[in-house]
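This report describes a helix packing and several charged pairs. Please look at the sequence and structure below before reading on.

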Amino acid sequence: MSPTSALIGLVFVPLAAMLITFVAPPRWRRALALPAMLAWPLLLLMLSAEIARSGAIGLVFGGWMPPLGIAWRLDALGLILLWVHALVGLAALPSAWHRFAPGTPGSGAFWPLWLALGSGINLALLAADLFNLYVALELITLAAVALITIEDSIAALGSAMRYLLLGVLGSLMYVLGVGLVYAETGSLALPGPGAGAVNATALVLMLIGLMVKAAIFPLHVWLPGAYSSAPGAVAALLSAVVGKVALVAIWRIWFAHPVPGAETLALLLGLLGAVAMFYGALMAYLQTRLKLVIAWSSISQFGLFLLLLPLANTAAFQGASFGLLGHGLAKAALFLAAANIVAVLGSDSIRHLPGLDRRMPIEALTLALAGVTLIGLPPSGGFTTKWMLLQSAWQQQGVLWLLLIALSGLVSAAYVFRILALTCFHPVCRAVDRTHPRPPLSVSLSALFLALASLLVGLYPQPVLELLGRAAPGVIG
Amino acid sequence: MNPAVYVLVAAAIFGIGLHGLLVARHVMRKLLALNLMLSALFLLLIVVPASIDGRPDPVPQALVLTGIVIAVSTTAFALALMVRLFRRQGHASIHPDLDPTLIGQRRATKRKEGDR
C-alpha cells in the first residue's frame, strides 16, 4: 500500500463506515464502526514512516489542478494532531462502547456521527487549500453539535445551539476572507502571496472566523457549555482535537500571509493569548463543577498556544506543536475521568470530590497525572512545551513573554491543586455508596492510559521535536 | 450595471443580518438573520472576482454552489435542533441569562423568559 492510498484511506475509511453504519440497523452499528476505528492507527503508522523519510506527502485528485481541483498535503504538524486524534479515539472507544451499547438512548445516532466527526477532522488536517479547509470545518462543526445533543438535556441542547450559531457565524467570516483572497490573488492555495490592504482585511476576517472555532478569548463563550454537557467520549475528542484543528489553521494561515502591520497584529494576538491564559485560569479556579473547570482550562491553555504568533521562531513552533500532543492527551484523559465520576456519583459538583481518592483511585490518579501536564511540571509533555517557548522568548530577549509563560504555569497550578486538594486532602470523607453502577475497568484504565501518555511523551520528546524542527520552515517560513 | 452597486447591496444585507443575529433572542430570528448574511456572502463571492477578471470565472461559482449546499443543510439541522429545544424548555430563545454554565448556575434557568 502506497503512502498516498493510506492518505486517502484516512478520510474515506471513516466516511464509508459512516455511510454503512447510517443505513445499517441500529443494533449492528456499534460493531460495524469498530473496524474503521481500529484501521486508523495502522494507516498512521505507515504515513509516519513516510513523513520521517521525506518530510511531507502531497496529493492532487484526478489530475484536476487547484484551484478547481482538490489538493491534500500532510506534514509533521498535521501528523502530530492526527496521532492525538487516533490515540484519543482509541482511548475513548471503551467509554463510547459502554455508554452507547445497542438499545441505549442515542446509540443509533452516535456511531455514524462519531465516524463523520473523525472523517472531518482528518480531512481538515489534510486540506491544502483554504476552501477545502472550510468544507472540513463545517463537517466537524455539524457532527460535533449533533454529538453534543445526544445528551438530551436542556443544558446540552442550549449549548449545542449556541455552538452551532457561533460556529456558522465563524465560518461565514472565514469564507468572506477566503473570497477576498481569491478575488485579490486568483488562488486558494494555503501559502498564498500576501501584502496589500485587501489581503490584510481577508487575513483578519479569516482569523476571526477560526478564532470562534478554536474558542480563543474573547470568542470562547460557546466552549464551557458545549464541552461540559457533551458525553464523556465526545467531550474528550472535542477538547483534544476539534479546537486544535482550527488553531493549527490559524498558525498556517498566519505564517502564509505576510501582511503590512503584521508585527503589531502579532503583538495584539499575543496579548489576547495572555489575557486568555489568566482569565481562563481564573474562571477555572472559580467553577463549582469539575467538567467546567476542565473546559475553562482549555481556554487558558489555548492562550499559551497563541503566543506562537509573536514569538515566531523554530523553537516556539516546536514547543507549541508539541503542546498540541501533551495538552490533547491530558485534556481527553480529564474528560474521560470526569465522565466516569459523573457516572458513579451522579454529578460532577466539586462538593462530591472529597474522599474520591478512596472510592475511585484510578480516576483520582488520572486527575493528578493529567494535572501535572496542564501545569507543565517536568517531566511531562507540558513541561517540554513551556521550556521550548521560554527558550524562544529568551533567544529574542522577549522579557514580557518570558514572564507571561512562567506565570502561566503558576495560575494553572492554582486550579489543578484546588481540585487535587479537595480530592485527596479534604477532612470530610463521605462513606462509600454503591447506588450507581461503576463503569467497567477498561473505561477507567483508558483514561489513565491517556494521562500516562501525556506524561511519558515529555520523557523522550527528541524525535518528535526533530521532526517538527524539519517541518518548521514549511509552516512559519 | 456597475458592480460596485452589488458590493454595496451585499455589504448592507450583511450588516442587517449581523445586527439581527446579535440582537434577536428567538432562535428562528437568529437563523433568518444568519441566512441573510449567507445570501450577502454568496452575492459578494460571485460579483467581486468577476469585476476583476471580466470573463466568468468558474471557481467562485463552484465555491458558492458548495456554500449553498452547506448553508441549506446547516439551516435544516439548526431548525431541527430548535424544535427539540422548544419541546424541552418550552420556548426557543437563547439569552445569556439562560446559560446554565455561568457561575450562578440553575438560578437563571428557573426564571422563565418569554419569546421575543
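## Two helices in contact

In chain A, helix H3(A) meets helix H13(A): A:Leu77, A:Ile80, A:Leu81, A:Val84, A:Leu87, A:Val88, A:Ala91, A:Ala92 and A:Ser95 of H3(A) touch A:Phe317, A:Ser321, A:Leu324, A:Leu325, A:Gly328, A:Leu329, A:Ala332 and A:Leu336 of H13(A). Contact here means heavy atoms within 4.5 Å. By class, the contact of H3(A) with H13(A) has 14 nonpolar, three polar and no charged residues. Nonpolar covers Ala, Val, Leu, Ile, Met, Phe, Trp, Tyr, Cys and Pro; charged covers Asp, Glu, Lys and Arg; the others, Gly among them, count as polar.

H3 spans residues 76-99 of chain A and H13 spans residues 314-345 of chain A; their axes come within 10 Å and cross at roughly 10°. Therefore H3(A) and H13(A) are roughly parallel to each other. Angles under 35 degrees count as roughly parallel, over 145 as roughly antiparallel, 65 to 115 as roughly perpendicular and the rest as oblique. Axes are lines fitted to C-alpha atoms, for helices over the stretch in contact, and angles run from 0 to 180 degrees between N-to-C directions. Helices (H or I, at least four residues) and strands (E, at least two) are DSSP runs, numbered from the N terminus.

## Basis of the model

The model is predicted: local features need pLDDT of at least 70, side-chain atom pairs count only at pLDDT 80 or more, and totals for chains, interfaces and linings use all residues. Residues are numbered from 1 along each chain as its sequence is written, chains are lettered from A and ligands numbered from 1 in the order in which they are written, and side-chain values use heavy atoms, with hydrogens and water left out.

## Salt bridges within chain A

Over all chains, the structure has seven salt bridges (a side-chain nitrogen of Lys or Arg within 4 Å of a carboxyl oxygen of Asp or Glu). One of them joins A:Arg53 to A:Glu50, with the closest N and O atoms 2.6 Å apart. Both residues lie in helix H2 (residues 26-54) of chain A, three residues apart, about one turn of the helix. A:Arg53 is exposed at 64% relative accessibility, while A:Glu50 is buried at 15%. Buried means under 20% relative accessible area, exposed over 50%, and partly exposed in between (1.4 Å probe, protein chains only).

A:Arg73 pairs with A:Asp75 in a salt bridge of 3.7 Å between the closest N and O atoms. A:Arg73, A:Asp75 and A:Arg252 are linked in a network of salt bridges.

## A salt bridge between chains

A:Asp152 and B:Arg84 form a salt bridge through their side chains (2.9 Å, N to O). The pair crosses between chains, from the loop between helix H5 (130-148) and helix H6 (154-185) of chain A to helix H3 (residues 58-89) of chain B. A:Asp152 is partly exposed at 36%, and B:Arg84 is partly exposed at 32%.
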